[in-house]
Structure formats: C-alpha cells, structure tokens
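Subject: Two-chain model, handover

Hi,

Here is the structure I promised to pass on. My notes follow below it.

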Amino acid sequence: MTEMLLVLIIVLAVFSLISRDLIHSVIALSAISLLSALIFTLHWAFDVAITEAAVGAGVTTIIFVWALKHTSRKDI
Amino acid sequence: MKMKTAAVHVIVIFALVLLAGCLFIPDDTPWPTDVRTRLVSDGEKDTGAKNLVSAIYLAYRAFDTLGETIVLIVAIIGTMSVVESVKKISDDPTTAVTYDFSLVKEKRSSHKLRTHLLEVVTGKIGPVVLLFGFYVMGQGHISPGGGFQGGTIIASGIMLFILGNPYSKVTEMRQNKILSTIEASAFVLFILVSLLSILTSGIFFSNPLEAAGVKYEYYIIALNALIGLKVGSGISLMCIAMMSRRRT
C-alpha cells in the first residue's frame, strides 16, 4: 500500500514538473500532499497527517494560486 | 525549452544521487529504543497528556516550541513586508483586473469573485472547518492535534471565508486589525506564561500553578490554545494581506 502511494506521488511530482499549465501542477502538488497525509495516517502519525493536510492541501495551494494569478499561468 | 531540459537533467541526477544513497544505509543496526521506552512508560505520568506528541513538544521540549513560534512570526513579518512592496507596484488602477471565478452572466460588481459553488462551499463548510480547528486545538493533549495543527486548520477555515467574499470585504477585514492584535497578544502571553514559572519554581517552562494544585494537563491546554490562536491568526493574516487590495 505504502509503496503504491509512493509511486503515485512520484508520478504526480513528475507530472507537476513537466506540465505546461501551472494550475495543473498546483493541483498535482495538492494531491501529493493529500497522498502523503494518507501515508502518515497509515503509519499512525495522525498529528503529522493533520498538519500535512491543512498546510499542504490548503494553505500552500492557495498561496500558489495567488502567485499564479499575479504572474503567468503558462510555463515557458 | 532549453531551461526545461536542463532542469530535467538536474532532477534526474539528483534522483540518482538519492537512490545511490539508499544503498549505503546500514540495515542491521537496531533502532535506539531507550527514549521510546521511557516516554511510553513515564510520559503520561509526567505530563498528564495522553497524546505523547503533545507531551514531548509542550513539556519535555517546550523550549524548541518557543523557537518554532519565533521562526513562524519572523516568516510572517518577512512575507508581509514582501507582499506590501508587491502591492505598491501591482495596484496600479489603470491595469484591468480579470476575475477568473465569476459566472458568465454575472453583472453585479460585488459578485465578480463569487460563483454558486464558492458561495455554497464557504457558507456551509467554512464554519465547520473553523469548529474542527478549535476542536483539534483544544483537545491536543488527549487526541492527535495541538496548537500548530489546530491553528493551520483555523487559518484554512478563515481562508474559505476569504475566498467567498468580494475584495472590498476582505480589505475591510484587513483594515480593522483584529487578527494582528490576536497574534501579537497571543505571542506576548505565550512568552509571559513561559517566563512566569521562573518566579514560582525557578524552572523555565514548567507549570507555574503547580503549588495551587493545578495539573500540568491544564498548562498544556493553555499553551496549545495560545499557539493555536497565534498560528491561525498569523497565517490567515498573511493570506488576507495577499488577497485584499490596498484602499486608495
């Protein structure tokens, strides 16, 4: 289970690097945070899982979207 | 495109280095278990916190937590100053503002940032998220969670409210300085509470009311609440500063 999730995280990370539309990258990063929160939950680290879900999927996504809104959405 | 291939090369090399590092991890060394055994046997007795993570970061290692809160406040100060200087350039009224979130036939200027989806999400989920944040913050000593976790969840809840409100409301929220007052007073109180125990018992970060019969558990609850208020108000302050526009 953990290995599967880790492989999925790597796939999403590569996708977020090579994606042309940066909004898609941000969504992939947010999905990475959710999957890592799932991994932390599977390993009984609930405190870390809560932090990862709140910070990774919530706050940083909004900050990234704000930064994209003020710059360019396309990757050059 | 050239930048892109260079970046991909750097990433591949970095991944290979990391994978090569995995080969040199010794796998026959036993894990150190002394601290773990001590914490499992004595942690709850020493601090009264069922959640051992809380017991560590607010009792055994409370001094590190003080450092963490200082790091966070410095980060927020830096972000606020950067955001303020960005605002000065980008708030030129001649540049047209495009609202990506608005519905197709939405004509009201106050609703340009609002779609039905956003309104439903912020109206229904926002209060629940806020309540959950306060629950995580207050129950940090007996269930997973604590000040930092609860604070970030509170900030997420406040951000849901920000997303559903037009710019003018968010700017108003920024003007009346409630959040910055909460953050500053929580930080000052946190330092005061940690210093108070020097007067009573002579030890930094110990329970100041121990002689009066107050359990250490309640000290942890108070510290969790202060940290949660500070983190929540600080992060939401940062996001409000990003998403509001300066009143001209």
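How many helices and how many strands does the secondary structure of chain A come to? Three helices and zero strands. Helices here are DSSP runs of H or I with at least four residues, strands are runs of E with at least two, and both are numbered from the N terminus.

Some housekeeping. This is a predicted model: local features need pLDDT of at least 70, side-chain atom pairs count only at pLDDT 80 or more, and totals for chains, interfaces and linings use all residues. Residues are numbered from 1 along each chain as its sequence is written, while chains are lettered from A and ligands numbered from 1 in the order in which they are written.

**Chain A**

The elements run α-α-α from the N terminus on. The C-alpha trace of chain A spans about 40 × 25 × 10 Å along its principal axes. Chain A has 76 residues, and 22% of them are buried. Buried means 20 or more other C-beta atoms within 10 Å of the residue's own; exposed means 12 or fewer; partly exposed is in between; C-beta atoms are placed from the backbone. Take the contacts in chain A with a separation of 6 or more: residues 24 or more positions apart account for 52% of them. A contact needs two C-beta atoms, placed from the backbone, within 7 Å.

Helix α2 (residues 22-42) of chain A packs on α3(A) at an angle of about 175°, with the axes 8 Å apart. Axes are lines fitted to C-alpha atoms, for helices over the stretch in contact, and angles run from 0 to 180 degrees between N-to-C directions. The angle makes α2(A) roughly antiparallel to α3(A). The classes are: under 35 degrees roughly parallel, over 145 roughly antiparallel, 65 to 115 roughly perpendicular, the rest oblique. On the α2(A) side the contact includes Leu22(A), Val26(A), Leu34(A) and Phe40(A). On the α3(A) side it includes Phe46(A), Ala53(A), Phe64(A) and Leu68(A). By class, this contact has 14 nonpolar, six polar and one charged residues. Nonpolar covers Ala, Val, Leu, Ile, Met, Phe, Trp, Tyr, Cys and Pro; charged covers Asp, Glu, Lys and Arg; the others, Gly among them, are polar.

Look at Trp44(A), in the loop between α2 and α3 of chain A. Its phi is near 65°, a positive value in a residue other than glycine. Most residues other than glycine have a negative phi. Trp44(A) counts as exposed, because it has 9 C-beta neighbours inside 10 Å.

**Where the chains meet**

Twelve residues of chain A are in contact with 18 residues of chain B. Helix α3 (residues 46-70) of chain A gives the most to chain A's side, with eleven residues. That side divides into eight nonpolar, three polar and one charged.

**Chain B**

Chain B has nine helices and zero strands. Of its 248 residues, 31% count as buried. Among contacts between residues at least 6 apart in sequence, 72% join residues at least 24 apart.

Start with α9(B). This helix has 28 residues and reaches 41 Å from its first C-alpha to its last, close to the 40 Å expected at 1.5 Å a residue. The expected span is 1.5 Å times one less than the number of residues. Of the 28 residues, 23 are buried, so α9(B) is largely enclosed by the rest of the structure.

Which helices pack on it? Helix α6 (residues 147-164) of chain B is one of them: its axis and that of α9(B) (residues 216-243) come within 7 Å and cross at roughly 35°. The residues of this contact divide into 13 nonpolar, eight polar and one charged.

Helix α3 (residues 52-60) of chain B is another, at about 85° to α9(B) with the axes 10 Å apart. That makes α3(B) roughly perpendicular to α9(B). Ser54(B), Leu58(B) and Ala59(B) meet Tyr216(B), Ile220(B), Leu223(B) and Asn224(B) there.

Gly228(B) is buried, because 27 other C-beta atoms lie within 10 Å. Leaving aside neighbours within four places in sequence, Gly228(B) is in contact with Met137(B), Gly147(B), Gly150(B), Gly151(B) and Ile154(B). Gly228(B) and Thr152(B) are 76 residues apart in sequence, yet 7.9 Å apart in space, C-alpha to C-alpha.

Best wishes
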